[in-house]
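The following exercises ask the reader to work through a protein model element by element. Each task is followed by a stepwise solution.

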Amino acid sequence: MVDRYLKYMSLTWSLEDDQYGHRSIRNPSWNQVLEKLKMLEEQATGTVTLRASDNDGRTPEKTLNVNGYRGNFQIEFDDVVDGKNVSRFIYDETKPIGVIDLPEEDDWYERCIIQDFQPIYVMFKEFLETQSVTSQLLTWPLKSK
């Protein structure tokens, strides 16, 4: 169910595109979101973020973010639970314990990485429509921000 206090969505990205790599669209359509996600999947490196906000500074934002690096993708969902921000990540206990060393960024835990892009499309569509994500892939324990 959509939280009524959230007044708008914004789509931001950092990709190699004809708009100089980093731009923002207020209240994007699914086709606009899908276009940027497809670009990220093809380029394998970059960032796409959807943010739900009321812009009043009192209500915490909800954010769904996917970062890509060489075909590895990390998803973070910042939600609001009982008025507090919490974060969830993809977490796969079947993957090896280890990290991927990223240049000039925080390293990524291998268990928090996905290569299959299809679930990312599903999560972004759900977030755009409901301002929530129910994916079973987001299993990392809730952490307060």
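**Exercise 1: Glu126**

Task: Determine which residues Glu126 touches, not counting residues up to four places away in sequence.

Solution. Glu126 touches Gln131, Ser132, Val133, Thr134 and Ser135 once residues up to four places away in sequence are not counted; contact means heavy atoms within 4.5 Å. The residue itself is found in helix 2. Helices (H or I, at least four residues) and strands (E, at least two) are DSSP runs, numbered from the N terminus. Glu126 has a relative accessible area of 18%, and it is therefore classed as buried. Buried means under 20% relative accessible area, exposed over 50%, and partly exposed in between, with a 1.4 Å probe and protein chains only.

The model is a predicted one, in which local features need pLDDT of at least 70 and side-chain atom pairs count only at pLDDT 80 or more, while totals for chains, interfaces and linings use all residues. Residues are numbered from 1 along each chain as its sequence is written, and side-chain values use heavy atoms, with hydrogens and water left out.

**Exercise 2: Overall composition**

Solution. Of the 145 residues, 46% are buried. Among contacts between residues at least 6 apart in sequence, 54% join residues at least 24 apart.

**Exercise 3: The helix pair**

Solution. Begin with the geometry: helix 1 (residues 30-43) and helix 2 (residues 118-130) pack at an angle of about 155°, and their axes are 11 Å apart. Axes are lines fitted to C-alpha atoms, for helices over the stretch in contact, and angles run from 0 to 180 degrees between N-to-C directions.

Next, take the contact itself. Trp30, Val33, Leu34, Leu37, Lys38 and Glu41 of helix 1 meet Ile120, Tyr121, Phe124, Lys125 and Leu128 of helix 2. The residues of this contact divide into 8 nonpolar, no polar and 3 charged. Here Ala, Val, Leu, Ile, Met, Phe, Trp, Tyr, Cys and Pro count as nonpolar, Asp, Glu, Lys and Arg as charged, and the others, Gly among them, as polar.

**Exercise 4: Strand 5 and its partners**

Task: Explain why strand 5 is described as largely enclosed, and identify the strands with which it pairs.

Solution. In strand 5 (residues 72-81), 8 of the 10 residues are buried, so the rest of the structure largely encloses this strand. Strand 4 (residues 62-69) pairs with strand 5 in the antiparallel sense over 7 bridges; pairing requires that DSSP finds at least two bridges between two strands. Within this pair, Asn65 has Glu76 as its bridge partner. Strand 5 also pairs with strand 6 (residues 84-89), in the antiparallel sense over 6 bridges, and Phe77 stands opposite Arg88 there.

Finally, inspect the turns. Strand 4 and strand 5 form a hairpin with 2 residues between them, and Arg70 in that turn has a positive phi of about 50°. Strand 5 and strand 6 form a hairpin with 2 residues between them, where Asp82 has a positive phi of about 55°.
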